[in-house]
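The stops below go from one surface feature to the whole chain and then along it.

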Amino acid sequence: GALMLLETVRYAAAHGLRSYKFLGTVEPWIQMWTKSVRPCVSLAAYPVNRNGLVALGTDIMAMTRKILEKR
């Protein structure tokens with residue numbers, strides 16, 4: 001993974017790109033690559049059917065668990 005990341009950053013620089021985005025949450029390994037952090041938002045869409053409602057409920061429970069663990 002690190003070599004692939006290195007090569008894609010190298011490719012971006014060689015082609016004149018001015019930025020490279022690490023999507024997701026800020027992780028310690030990302031900080032060795034950049035000092036600049038921009039917020040990233042995740043969006044999920046659920047179909048209006050039984051499976052969609054189950055997936056929505058599962059995701060809500062997971063988010064609630066994360067919030068409660070931070071307290």
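Which residues make a nonpolar surface patch of about 560 Å²? Select Leu3, Leu6, Trp29, Met32 and Trp33, which make up that patch. A patch here is built from residues with over 30% relative accessible area and no salt bridge, joined within 9 Å for like charges and within 5 Å for nonpolar side chains (Val, Leu, Ile, Met, Phe, Trp, Tyr). A salt bridge is a side-chain nitrogen of Lys or Arg within 4 Å of a carboxyl oxygen of Asp or Glu. Accessible areas come from the Shrake-Rupley method with a 1.4 Å probe, and for residues only the protein chains shown count as cover.

Before going further, note that this is a predicted model, in which local features need pLDDT of at least 70 and side-chain atom pairs pLDDT 80 or more, while totals for chains, interfaces and linings use all residues. Residues are numbered from 1 along each chain as its sequence is written, and side-chain values use heavy atoms, without hydrogens and water.

Leu6 sits in helix α1 and is partly exposed, at 31% relative accessible area (buried is under 20%, exposed over 50%, partly exposed in between, with a 1.4 Å probe and protein chains only). Trp33 belongs to the loop between α1 and α2 and is also partly exposed, because its relative accessible area is 31%.

Now zoom out to the protein chain. It has two helices and zero strands; these are DSSP runs numbered from the N terminus, H or I of at least four residues for helices and E of at least two for strands. The C-alpha atoms fill a box of roughly 50 × 30 × 20 Å along the principal axes. Of the 71 residues, 6% count as buried.

Next, select Lys21, in the loop between α1 (2-14) and α2. Lys21 counts as exposed because its relative accessibility is 53%. Show Val9 as well: Lys21 and Val9 are twelve residues apart in sequence, with 9.7 Å between their C-alpha atoms.

Finish on helix α2, residues 50-70. Its 21 residues should span 30 Å at 1.5 Å a residue, and the end C-alpha atoms are 31 Å apart, so the two values agree. The expected span is 1.5 Å times one less than the number of residues. At the start of α2, select Asn49 and Asn51: a side-chain oxygen of Asn49 comes within 3.2 Å of the backbone nitrogen of Asn51.

Notes
Polar contact = N/O pair within 3.5 Å; in protein donor to acceptor, adjacent residues only side chain to side chain.
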